[in-house]
Amino acid sequence: MKTDLELALECAINIYHQYAIKNPRDDYLSKSEFTQLMKETAKTFLTNTVPVRAELFKETDLNKDKELSFEEFTIVLSKVADDAHRIIHGENRCKPESN
């Protein structure tokens, strides 16, 4: 039986692939795929505005190829998890470039 963490990690991988395979030539998220993923799956977390999503994409695209690899996407997951943790504790919300 898988642990809750194993299930959560598997879920994150499946969500990434659900959006990354919209363009079957690669295993990356384009900016539009990333935007759709964030709008549809993370609207409770991170401010749901175009500038925040655009800045988050820009700062997590480490190699500046205008796509997010799964490794780069894990940075987004980290920020969303941090935002969720802050919400639970009633703290200030995360923004791009914040710890």
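This is a predicted model: local features need pLDDT of at least 70, side-chain atom pairs count only at pLDDT 80 or more; totals for chains, interfaces and linings use all residues.

Reader: Start with H1 and H2. How do their axes cross, and at what distance?

Author: H1 covers residues 4-20 and H2 covers residues 31-41; their axes come within 9 Å and cross at roughly 130°. That angle makes H1 oblique to H2.

Reader: And is that crossing left-handed or right-handed?

Author: Right-handed, as H1 passes H2.

Reader: Which residues meet there?

Author: From H1 you have Ile 15, Tyr 16, Tyr 19 and Ala 20, and they meet Glu 33, Gln 36, Leu 37, Glu 40 and Thr 41 in H2. By type, the residues of that contact split into five nonpolar, two polar and two charged.

Reader: OK, switching over to H4. Where is H4, and how do the axes of H1 and H4 cross?

Author: H4 spans residues 70-88, and its axis and that of H1 come within 11 Å, crossing at roughly 120°. H1 and H4 are therefore oblique to each other.

Reader: Got it. Which hand for H1 and H4, left-handed or right-handed?

Author: The crossing of H1 and H4 is right-handed. Ala 12, Ile 13 and Tyr 16 of H1 make the contact with Phe 70, Phe 73 and Leu 77 of H4.

Notes. Residues are numbered from 1 along each chain as its sequence is written. Side-chain values use heavy atoms; hydrogens and water are left out. Axes are lines fitted to C-alpha atoms, for helices over the stretch in contact, and angles run from 0 to 180 degrees between N-to-C directions. Helices (H or I, at least four residues) and strands (E, at least two) are DSSP runs, numbered from the N terminus. Angles under 35 degrees count as roughly parallel, over 145 as roughly antiparallel, 65 to 115 as roughly perpendicular and the rest as oblique. A crossing is left-handed if the near helix is turned anticlockwise from the far one by less than a right angle, and right-handed if clockwise. Contact means heavy atoms within 4.5 Å. Ala, Val, Leu, Ile, Met, Phe, Trp, Tyr, Cys and Pro count as nonpolar, Asp, Glu, Lys and Arg as charged, and the others, Gly among them, as polar.
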